[in-house]
Amino acid sequence: MTVVPSSLRDSSVVAWRNLLNIKRNPDWLLSGTVQPIMFVLLFAFVFGGSLGGGRYREFLIAGIFVQTVAFNSSFTVIGLTNDLQKGIVDRFRALPMSRVAVLLGRTSSDLAVSLLSVVIMSLCGLLIGWRLRGDPTDVLTGYLVLLLFSFAMSWVGAFIGLISRTVEVAQSAGLLWLFPVTFISSVFVSAESMPTPLRVFARWNPITVNADALRELFGNPIRVGTPPPSSWPAEHAIPYAVVSSLLIIAVFVPLSVARYRRVASR
Amino acid sequence: MTSATAISAESLVKTFGANRALDGVELSARKGRVLGLLGPNGAGKTTAVRILTTLLRPDSGSASVAGHDVLTEPNAVRRSIGLSGQYAAVDENLTGRENLYMVGRLYGMNRPDARKRAGELLDGFQLGEAGDRIAKGYSGGMRRRLDLAGALVARPPVVMLDEPTTGLDPRGRMDTWRLIAELVDDGTTVLLTTQYLEEADALADTIAVIDHGRVIANGTSNELKALVGGERLELVVDEAAEMDTAAEVLAGIGTGTPRVDTQSRRLQVAVNDGSKSLVEAVRWLGESGIEVHDVGLHRPTLDDAFLSLTGKPTEVSGNGATAGAAGSEGLATAESGERGGRQ
């Protein structure tokens, strides 16, 4: 048997097991389903009124999509640390299975959870006036770009889960870093009004670029109330979004696998 | 290492910070035999198992399992072993059947084979009826059986069991002992760690006593018992005046000089054939007209073994040592019961 198919097969077994776990404990899905609805409604109606009404809501939705899938990376952190703590990872590590399978299985099952979040958010967005105005190919591309980003963020979560010393540390670390990273971006407001250091960070932040790419592909407004941005990342949002996700994957897959080989059970 | 050796470890050293968990451990198990790794909590048993199952790399030394080097051929080792851990690593949100099916698939079995093997093991481990229930609802003994079944999915030639009976009630222990005995009958090599001398005695062909990361004694259970002193006959007489006569009687029955504690009127002597000596002692004492307050056989506990081997009691916490000894005595009772049944 060749290496690639056996590692994919092992990963799919692990993903099957993870999804069974979620199916039997549907409350795990609470933050993956209720949180996006809450964010859509909160930001759309709390900020929406003073930031541009219907047009702002249409601008906002793609940003909320990106923010939500980024936050879903904390599921990867929690799922992995739980398995480490219960000794299940030890059982996996003593089996003649692929070294990447426990991680790839986890990031794959979390991708399925993100897909569910995205479907729920899309329906919720449609209810409050958001519309897909791009042509179907562009819309589909938009969703694929979003899922690629979700998968990339999940690998960051896998790495955080593997380097954390305790489950508690993993849980707070897995969420904490997401607040500055998602807020210093163009998810909620244009980055152009931020102080220079934040603006530079926000311009190059993959969160910003993914949100911009989605807006472009969905045919939603790129900016509300400010002139359109003119930075390089903003002008090449779609390719930069794809490249940044691929880069994150290229960095965090080997880091996580190397860490997994050495990780001790807790 | 010869082809008849299934597990071997040479000069294994592993440190965690300032703690030398393993300090030059040597182990060897012949094919189809049971090697018992006996020691108190924190002696290094689990660390040794983790190295032999490729979960941990030693700082120095070498080890091989089923003819494969643990460091250079870890995947070949993993294909040849089954591991059942100290705490049962079953996925409690999966059914018993799903747990075993998953392990089978991860050993590389195809779907029908993995399904078939899961069914066989569930039946063999008396989990047939519970097989389609979620493992969260299993009792401790059922979880342990499921974990043990998980180690046997691929019919590995070598099975490592890390404290397979810790935390089980006497019945669960007996069930586990029976399963391990069956495993050995089928030709599997077993490495078993335990805190209980009786368990090592009942199951293991050779026993390595481990303390502070070192093997302090090595041999068959008979050799070890000889070292520890075997069974002792112990009695308490009613009248202090009768102690000398009682001591004479015991001297005639036992293999050494009786130990006499005048304060508690307790007498002890090492014996070879426990139950026969007990009957004999009661008869002789009765004929001598000595009233016996209490009489019984005392099997050597892990504490006794450590006392003999290191000259000091087990250095776990005071509580731990006591709990271990109490557990051992419980086992001794259960074991003599089983022996009686076999005769």
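In which loop of chain B is B:H212 found? B:H212 is found in the loop between β9 (206-211) and β10 (214-220) of chain B. The structure is a predicted model, and the predictor assigns the complex an ipTM of 0.87 and a pTM of 0.80.

**Confidence in chain B**
- Chain B has a mean pLDDT of 82, with 85% of its residues at 70 or more.
- Among the elements of chain B, strand β5 (residues 68-69) has the highest mean pLDDT, at 96, and helix α12 (residues 318-342) has the lowest, at 34.
- Over residues 315-343 of chain B, pLDDT stays under 50; for this stretch the model has 36 contacts beyond four places in sequence.

**Contact between chains A and B**
- In the complex, 17 residues of chain A are in contact with 22 residues of chain B.
- On the side of chain A that touches chain B, the elements giving two or more residues are α1 (3-24) and α5 (88-93) of chain A.
- The element giving the most to this side is α1(A), with 6 residues.
- By residue class, the side of chain A that touches chain B divides into 7 charged, 7 nonpolar and 3 polar residues.

**Annotated spans of chain A**
- An unreviewed UniProt entry lists "transmembrane region" for residues 28-47, 59-80, 101-128, 140-163, 175-191 and 237-258 of chain A.
- One of these spans, residues 237-258 of chain A, is 100% helix and 0% strand, and its end C-alpha atoms lie 32 Å apart.
- Another listed span, residues 175-191 of chain A, is 47% helix and 0% strand, with 22 Å between its end C-alpha atoms.

**Domains of chain B**
- The domain assignment divides chain B into domain 1 (5-226) and domain 2 (231-298).
- Taken over C-alpha atoms, the centres of domain 1 and domain 2 of chain B are separated by 41 Å.

**The β1–β2 hairpin of chain B**
- Strand β1 (residues 5-16) and strand β2 (residues 19-30) of chain B run antiparallel and are joined by 9 bridges.
- Within this pairing, B:S8 stands opposite B:S28 in β2(B).
- The two strands form a hairpin with 2 residues between them; B:G17, in the turn, has a positive phi of about 65 degrees.

- Most residues other than glycine have a negative phi.
- B:H212, which is not a glycine, has a positive phi near 50 degrees.
- B:H212 is partly exposed because 17 other C-beta atoms lie within 10 Å, a count between the limits of 12 or fewer for exposed and 20 or more for buried.
- B:A66 is also not a glycine, and its phi is positive at about 55 degrees.
- B:A66 lies in the loop between β4 (60-65) and β5 of chain B.
- With 18 other C-beta atoms within 10 Å, B:A66 is partly exposed.

**Surroundings of B:L278**
- B:L278 lies in helix α10 (residues 274-287) of chain B.
- Leaving aside residues up to four places away in sequence, B:L278 touches B:L233 and B:L297.
- B:L278 and B:L297 are 19 residues apart along the chain, yet their C-alpha atoms are separated by 7.2 Å.
- B:L278 has 19 C-beta neighbours inside 10 Å and therefore counts as partly exposed, since buried requires 20 or more.

Methods:
Residues are numbered from 1 along each chain as its sequence is written. Chains are lettered from A and ligands numbered from 1 in the order in which they are written. This is a predicted model: local features need pLDDT of at least 70, side-chain atom pairs count only at pLDDT 80 or more; totals for chains, interfaces and linings use all residues. UniProt positions are given in the numbering used here, feature names are shortened, and annotations may be inferred rather than shown by experiment. Helices (H or I, at least four residues) and strands (E, at least two) are DSSP runs, numbered from the N terminus. Two strands pair if DSSP finds at least two bridges between them. pLDDT is the predictor's confidence in each residue, from 0 to 100. Two residues are in contact if their C-beta atoms, placed from the backbone, lie within 7 Å. Domain bounds come from an automatic or database domain assignment. Ala, Val, Leu, Ile, Met, Phe, Trp, Tyr, Cys and Pro count as nonpolar, Asp, Glu, Lys and Arg as charged, and the others, Gly among them, as polar.
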